[in-house]
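Reader: I'm new to this one. Could you pick a single part, take a close look at it, and then show me how the rest fits around it?

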Amino acid sequence: MKIAVLVKRVPDTASVFKVAPDGKSVLTDDLKYVISPYDEHAAEEAIRIQEAGGGEVVVISLGGGDTQEIMRTVLAMGADRGIHIAPPEGLELGGHGVALALAAVLKREAPDLVLAGKQAVDGDAAQVPERVAELLEWPHASVVSKLELGAGKATVDREIEGGKYRIELPLPAVLSIEKGINTPRYPKLPNIMKAKKKPLDTVTLEDLGLSADVVRSQAEIAQVASPRTDRRNKIVGGDTAEAAREVVRQLRDEDKAL
Amino acid sequence: MSVLVLLEQRGGLKACAFEAATAAREIASAAGMELNAVYIGQSLTGQEECLAGYGIAKVYAYEHESLSHYSNDAYVPIVRDLARELDAKVIIGSATALGKELCASVAARLGVELAQDAIGAAWDGGLVAKKPLYAGKVLADVRIHSIPAMVSLRPNTVQAAPQAGPTPEIVRRSMPEVTLRSVIRDTAAATAGKIELTEAKIVVSGGRGVGGPEHWHVIENLAEAMGAAVGASRAVVDAGWVHHAMQVGQTGKVVSPDIYVACGISGAIQHQAGMRTSKIIVAINKDPNANIFKLCDYGIVGDLFEVCPALAEEVRKVRA
């Protein structure tokens with residue numbers, strides 16, 4: 001079985017995010033970058049399937065030059081090779097453009113299964129795996145917390161509010177992965193060394209037959225700001241019973257929320 | 001030219017459907033466009049009158065037994081074709097588990113941009129969505145130029161506000177012929193009878209301070225008294241005390257209740273990402289320096305094993 005894993009390089013959300021002077025972006029100088037956590041689960045799942053039943057795992061990512069760093073991490077986890085889609089510097093791709101580029105690579109690769117994190121934790125846009133599947137006209141399921149493979153089909157648990165669906169899909173299919181599915185491994189040092197020699201190809205949008213106009217984002221960030229900080233920070237004192245009574249009174253009588 | 005709102009159902013219409021309709025009404029009114037809605041499900045019968053007062057001209061109802069549960073194969077072509085038929089310039093959906101999947105899939109089929117999980121959307125000559133980025137540490141105004149512009153709204157962030165107005169015309173449509181590739185084999189409610197986290201008006205969450213799964217009933221008891229859903233911090237989920245479906249935070253659920261009660265939770269960034277947009281935050285922690293007190297509205301410094309039962313008793317008293 002051939003499995004493609006889609007990953008993204010994102011800022012570690014534990015970083016401090018400062019609004020840039022232009023008011024439309026955040027300062028990136030001090031940010032530490034990581035592989036988006038859900039993508040790690042997707043990679044782990046793909047590698048486990050390959051370890052159990054053979055086949056090939058191809059890691060695919062779109063982004064700037066440093067993207068290859070996180071792709072090497074996935075290769076060190078056990079993926080066989082990588083394809084890095086490098087868009088021209090300064091070109092902003094939207095969800096649609098990113099999906100077009102990924103779908104173009106996947107069409108060429110023709111995997112049996114595509115796994116990706118349910119969302120990347122930078123913009124939490126939660127749409128690229130679904131878009132890729134729709135562009136390829138392949139069946140798909142989102143927020144998958146359990147995956148079983150059968151002959152030409154996948155059976156998955158798909159989390160929904162307060163429960164789950166068990167869905168059966170024919171392959172090839174695209175699945176977006178939820179964190180409960182597995183615990184990603186840490187790559188071991190010998191594997192990190194080995195990963196440096198694994199093939200990692202770079203393709204351009206041109207190679208994929210996509211012009212900048214087709215993939216350019218049709219959305220723009222007009223303004224960014226820090227979220228609300230107007231919390232009341234009211235520490236309610238007194239003994240426990242008094243404090244509890246006062247908080248309930250506030251919530252009920254003043255805020256009309258209870 | 002029109003605005004199209006996607007009315008989500010699970011059995012009946014969900015609360016988020018009315019929230020999306022409220023946002024869509026304001027956008028349609030500001031843009032001078034007609035507002036229409038689409039319902040896909042088993043049957044809208046009996047719920048038509050609930051849809052009065054949202055300025056909806058027509059509700060296109062696709063009703064069939066096989067449509068009661070969400071399916072990409074069935075739902076996506078319906079919305080795509082209807083958006084084209086109605087010349088929709090704006091499509092508003094809900095950022096629920098299934099709503100996000102539907103919106104992303106429709107956006108792909110229409111080749112347009114989508115602001116997913118927005119906490120507001122408005123029209124000022126074009127569509128602008130308010131969208132949290134980087135675990136909610138930054139709020140962006142995203143201007144969407146694609147036609148249609150698509151937005152999915154996080155549940156509980158827009159207040160459903162019907163006005164006086166007529167019941168919309170219901171246009172009943174037959175289900176288009178599609179081949180269902182994905183098949184739902186089973187549906188399971190993980191927390192039967194309990195209030196769902198992301199839709200709850202009140203959430204009570206427990207953290208490491210609870211000490212162990214044997215003490216978790218303290219959290220559940222307070223939640224029950226308040227009529228709240230139960231959440232948990234990542235530490236508690238990772239320790240295996242509760243199921244990961246209960247996790248509030250960046251790698252868990254994002255909630256926006258009217259009241260969020262954090263019990264024995266330090267308030268790590270990863271947790272804040274999941275509850276920052278709550279309207280009122282109450283914190284209970286024995287450490288007066290806990291981070292959570294910096295982002296709470298009301299804080300009680302104390303032992304949660306005393307404070308939670310006291311709060312539960314007080315709530316039961318005033319509600320009795």
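Author: Let's start with helix α4(B), whose buried residues pack against β14 (202-206), β15 (229-232), β16 (259-263) and α7 (304-319) of chain B. Before going on, a note: this is a predicted model, where local features need pLDDT of at least 70, side-chain atom pairs count only at pLDDT 80 or more, and totals for chains, interfaces and linings use all residues. Residues are numbered from 1 along each chain as its sequence is written, while chains are lettered from A and ligands numbered from 1 in the order in which they are written.

Helices (H or I, at least four residues) and strands (E, at least two) are DSSP runs, numbered from the N terminus. "Buried" means 20 or more other C-beta atoms within 10 Å of the residue's own, with C-beta atoms placed from the backbone; being in contact means that two such C-beta atoms lie within 7 Å.

Now back to α4(B), residues 217-226: V218(B), I219(B), L222(B), A223(B) and M226(B) are the buried ones. They span an arc of only 135° around the axis, so they sit on the same side of α4(B). (The arc is that of the directions from the helix axis to the C-beta atoms.) Just past the helix, G227(B) has a positive phi of about 70°.

Next, a sheet that involves both chains. Its four strands run in the order β12(A)-β10(B)-β9(B)-β8(B), open and with antiparallel pairing; strands pair if DSSP finds at least two bridges between them. β12 of chain A and β8 (120-123) of chain B are at the edges with a single partner strand each, so one side of each has no neighbour in the sheet.

The chain contact as a whole involves 70 residues from chain A and 79 residues from chain B. On the chain A side, α7(A) gives the largest share, with 10 residues.

Finally, zooming out, chain B contains seven helices and 18 strands. Of its 320 residues, 59% count as buried. Its C-alpha atoms fill a box of roughly 60 × 45 × 40 Å along the principal axes.

Terms used: A residue is buried if 20 or more other C-beta atoms lie within 10 Å of its own, exposed if 12 or fewer, and partly exposed in between; C-beta atoms are placed from the backbone.
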